[in-house]
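User: I have a new structure to look at and would like a short walk through it. Can we take it one topic at a time?

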Amino acid sequence: MGRPTSSSLPESAPQESLTIRDNRTGKTYTVPIADNAISATAFKTMTAPRKPGEREENETEKGLRVQDKGFLNTAVIRSGITYIDGDAGVLRYRGYPIEQLALKSSHLETAYLLIYGSLPTNEQFKFFESEVMRHSVMHADAEGFFRSFRYDAHPMSMLTSAFAMLGSYYSEANPSLQGQRLYTQGNAASLATMDRQIYRLIGKATTLAAMAYRVRQGRNFVTPPTGLSYTGSFLYQMDHLSEENYTPNPVLEKALDVLFLIHADHELNASCTTVLQTGSSLVDPYSAIAAGCASLYGPLHGGANEAVIRMLISIGSPQNVPAFIEAVKRREKTLSGFGHRVYKTSDPRSFIVRKTADEVFKVTGKDELLETAMALHDAAMKDEYFIKRKLAPNVDFWSGLIYRAMGFPLDFFPVLFAVPRVVGWLAHWRQMMLQEGGVKIWRPRQVYVGAGKRDYVPVEEREKVEGAKQTPSKVEHGGITKRTMLATFKGKSKL
């Protein structure tokens, strides 16, 4: 915490500290630095008297607040899971470079690493894999749940709803029913309950995704098979009809496993933060994962690789790339698949995916958009505009092309992102449940800039306020509503 010292800079201040002088009061504060971070609550001690005419809502006398729109430089948790150095293009899971894991590991082995902190022995991995696969089978009622969606429902809407639905099956997994310390005690019984939900969520993620896919195809659902890998089982559940001894193509199975592995976690991105924000209320993990899935559904997050394909389709051909590049510079077009919120040089995952794409194309044939993608890639890499802004291709640029070549529909792309990311969400959720000091509910502050105190005005004395964003919008009505508005019936005047 920050503590005030004399107005001059103290010679005895610890070297690992920050000295702050508040020019409003002349006070100087010393704030400890730990792991190159300071506590935001230290600023609450930096109080000052309110200036004449200053808004009381500023709460100046209650200490400074730290404003960070979009969490650009706010650390909300101490974590030992994933490390990212955006400037150097580094991504490590539990200390292991993503390049090594993609080459030598598998998605489920990496899942064990992310969740439990170390690479498993052969015996440990077999146990973990068997538990995950054993928990992949869904209750028969799930078929009716998926059949209740409209024929054209987006698969992410179905998947998000399905994760929430799972929570209704397992009352023993709900802290609201079993006690709020269900997952935070750290004893054998608590850990066993936690691990069972982890097995269920990872195991059923592919099953739920396959059901969302099959219902759109008008197909019957497929029971998860035995003897196949995690991604092999996923492909089987999506594609098997009545073929005897059906086995997915090994190249596609391996490619999907690599894509799952590199998408398993990415530190505190929007969806992971949503899972932790929701989980901080000690809700059941199924609800927390459903919240993360909803966050990932957004076009700024999980829809990025879909946006790449739509962009390439709109470009049309390699010949149109120069005109598109110029339109991007004029801010008339949006460039998808380049640059990253975190990576300022290159996305280390993009090199892995590029190699995987070449292997997939050998089996599926080159996608018709590939030449356009390569032309855009080469043009952007040579253009000073993009070089200066460090806009290099990211993982979404190539993964979208792989998914398209494998025959997945565009709106299924976010599902292929969400399924593996369940692993990362669970790793961070488990870490938070077991952290020292227990779980504190996440309750950010705000900087209130609205109206000061004002008295209620009777309706007949109010002045009319109009303008965009200040009044409800008018909407067009059609069909039943339009005809009903033109009809006469008892009670219409009250509508």
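User: Which helices each supply at least two residues of the lining of the second largest pocket?
Analyst: This is a predicted model. In it, helix H1 (98-104), helix H9 (250-262) and helix H14 (348-364) each supply at least two lining residues of that pocket.

User: Which of them has the largest share of the lining?
Analyst: H14 does, with six residues.

User: How many of the lining residues are nonpolar, polar and charged?
Analyst: Seven are nonpolar, one is polar and four are charged.

User: And what space lies in the second largest pocket?
Analyst: About 250 Å³.

User: Changing topic. Which residues does UniProt list for "active site"?
Analyst: The UniProt record, an unreviewed entry, lists His 340 and Asp 396 under that heading.

User: Where is Asp 396 placed?
Analyst: Asp 396 sits in helix H17, which covers residues 395-405.

User: Is Asp 396 buried or exposed?
Analyst: Its relative accessible area is 11%. The cut-off for buried is under 20%, so Asp 396 counts as buried.

User: What does Asp 396 touch?
Analyst: Leaving aside residues up to four places away in sequence, Asp 396 touches Ala 304, Asn 305 and Val 308.

User: Now H13. Which of its residues are buried?
Analyst: In helix H13 (residues 321-329), the buried ones are Val 321, Phe 324, Ile 325, Ala 327 and Val 328. Seen down the axis of H13, these fall within an arc of 160°, so they line one face of the helix.

User: What do the buried residues of H13 pack against?
Analyst: They pack against helix H12 (304-315), helix H15 (370-382) and helix H16 (384-388).

User: Which exposed residues are on the face turned away from the buried side?
Analyst: On that face of H13 are Pro 322 and Ala 323, both exposed.

User: What about Arg 331, which follows H13?
Analyst: Arg 331 has a positive phi, near 65°.

User: Last one, Asn 174. Where does it lie?
Analyst: Asn 174 is in the loop between helix H5 (155-166) and helix H6 (175-178).

User: Is Asn 174 buried or exposed, and what does it touch?
Analyst: Asn 174 is buried, at a relative accessible area of 16%. Not counting residues up to four places away in sequence, Asn 174 touches Leu 182, Tyr 183 and Asp 284.

Technical notes: Residues numbered from 1 in each chain as written. Predicted model: local features only at pLDDT ≥ 70, side-chain atom pairs only at ≥ 80, totals over all residues. Heavy atoms only, no water. Buried < 20%, exposed > 50% of the residue type's maximum accessible area, 1.4 Å probe, protein only. Helix = DSSP H or I, 4+ residues; strand = E, 2+ residues; numbered from the N terminus. Arc of directions from axis to C-beta. Contact = heavy atoms within 4.5 Å. 1 Å grid on protein atoms, 1.4 Å probe; cavity = no way out; pocket = protein on both sides within 12 Å on 5 of 7 lines; lining within 4 Å. Points joined across faces, edges and corners; volume = space filled by probe spheres on them. Nonpolar A, V, L, I, M, F, W, Y, C, P; charged D, E, K, R; others polar. UniProt positions renumbered as here; feature names shortened; annotations may be inferred.
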